[in-house]
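I opened the model today to look up a few things about its chains. My entries follow the display.

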Amino acid sequence: MIPWIIGTAILTIGPMAWSLYLSFTDYHLIRGGEWIGLDNYTAVFNDPMFYRAVRVTLLYVVLAVPVKLVASLAVAMLLSQRRRGMSFYRAAFYMPSLIAMSVGVALIWKALFANGGVQDRFMGVFGWDGGGFLGNPSVSILMLVLLAVWSFGAPMVIFLAGLMQVPQELYEAADVDGAGKWHKFVRITLPMLSPVIFFNVLMETVGAFQVFGSAYIIGGESGSPAWSTLFYTVRIYTLAFTDFRMGYASAYAWLLVLAVGLVTAVMFRAAKRLVFYAGEDK
Amino acid sequence: MTVQTESGRTLVRNRRPASDRAKDALWHVTMLAVLAVVLYPLLWVVTASLKGNRDIITDTALWPATITWEHFANAFDGLAGIPLWQFFWNSFAIAGLSVIGVVISCSMTAYALGRLRFPGRAAMLGIVIATLLLPSQVMLIPQYLIFSELELTNTYVPLVIGKFLALDSFFVFLYIQFIRGIPRELDQAATLDGAGHFRVFFSILLPLLRPAVVTSSIFTFIWSWNDFLGPLIYLYDMEKFPIPRLLQSYSNSEGVSNYGGMMAMTLLSLVPVVLFFLVFQKFLIRGIATSGVKG
């Protein structure tokens, strides 16, 4: 069984080290390449496309993660109130998250929100001539955020499982003390749920940094319109597999690793203070 | 208000005044409203694929004025002379191999990491958790170079080999969580009776891991079915394309002229996942809940 693990380590750590090395070369899939030191990294920081990609990706993470999590927690709390019909709704809400990141749904989104799409035509009835939301660079990213929010079912199921584990006695005791709904939510639900919240925030954030398929289908390699959907991963893909500039793309990829690493480190640090584990005094 | 005790439906619940029933109704109405919004895009694609090509553009009503099945007939013709079932078969082949790989490799790795004692175990467990969070993009380029050096591009090997080497940390993690829930005394007893690691694993743990096996199989199937980046990078020949790659090509080449055909194909591409979900939803939801909430 141990060979499996060694194989695992080699196929993960080997490529990582190699890609770190590549990021210091001007490796080109066809021409090959040689060591150029930090040139790739200075080039990245002088690349206007880098800043566009960073902006789009950060905007997406900052919008999609909180909205999706608030929505999923809200629906989970609604669902946890009543038992009858709960599992039906839970399943129905969960289903979109299984297909949200597929090519098929990205195409549906395009059909709904592109120029001449359903939303464009529907609003046209009321005199709208602004085109589809996906054709408008200032709001197109919001449609990708909407796609992320649409898949709120996955964190919702986890929240729901967490809510079920909150001891009812706590709420009953709070009732005796005359606590209001908001008070109970802030003082009981949130602290008891904080490990689950942390898990969801972490997984959703890390996932949001890596969105590729739907962004690629909707915006193409240039993140149209006007680079407004140019996700960082799309940029890496284009550099590596359309331009074949593998060395340069590796530098991009390593900056992503550093960014995600930094964000997770900050989250774990924050979690030490904010996450409450029941039965564990601190 | 009067206290109503309607026979049958209300179970043994004391004090259910009419205001409670109103609350119940309000709750259901809210839930159904949310549900309608959430499921609208799927509903729309169903009806769009039944409308004639001209109607899709002009008719904004959700329900088609005239129903046509021609888009589905067109969709089954596939693309570039390759029938649709070929692409479905490709997707099934990749997903099936992935499921086998994940179940075998991830469960065994999890057994080693969760049960055995050996030097470096903690470090390896750390690596598994770290790769759970690691952006896979960073491995993409070197992996591509490795596979193209081995002349394995344009085959399914790069798409499934990672599953056989337990590279899906998520599932390794899932299995470890399950293994930790199984009393250690069981395998200790077996070891005392002289069973080796393989005996212990196959005869004792694997049967008890059935829920994890089911969950990981379903997720692997669905994720592999939806995977787009892998096929985009590694496959060139259209007859090898799985469904998502086909959809992308189709939307580029015919999507503009044959909108309804594309919607029909899109819908068909989602059907296996939705069916899978309907059959296995209990396992799936229990699985995802245990991944986030420990014990």
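Entry 1, confidence. I noted that this is a predicted model. For chain A I read a mean pLDDT of 82, with 93% of its residues at 70 or more.

I found 13 helices and zero strands in chain A. I looked up the extent along the principal axes, and the C-alpha atoms of chain A fill a box of roughly 75 × 60 × 35 Å. Of the 282 residues in chain A, 42% are buried. Among contacts in chain A with a separation of 6 or more, 67% join residues 24 or more positions apart.

Is α8(A) enclosed or open? Ten of its twelve residues are buried, so α8(A) is largely enclosed by the rest of the structure. The buried residues include Gly153(A), Pro155(A), Phe159(A) and Gly162(A).

I looked up the residues involved: 70 come from chain A and 58 from chain B. On the chain B side, helices that each supply at least two residues include α1 (18-48), α4 (84-115) and α14 (259-292). The largest share of that side, 13 residues, comes from α14(B). By class, I recorded 40 nonpolar, 17 polar and one charged residues on the side of chain B that touches chain A.

Definitions and conventions. Residues numbered from 1 in each chain as written. Chains lettered and ligands numbered in written order. Predicted model: local features only at pLDDT ≥ 70, side-chain atom pairs only at ≥ 80, totals over all residues. Buried ≥ 20, exposed ≤ 12 C-beta atoms within 10 Å, placed from the backbone. Helix = DSSP H or I, 4+ residues; strand = E, 2+ residues; numbered from the N terminus. Contact = placed C-beta atoms within 7 Å. Nonpolar A, V, L, I, M, F, W, Y, C, P; charged D, E, K, R; others polar. pLDDT = per-residue confidence, 0-100.
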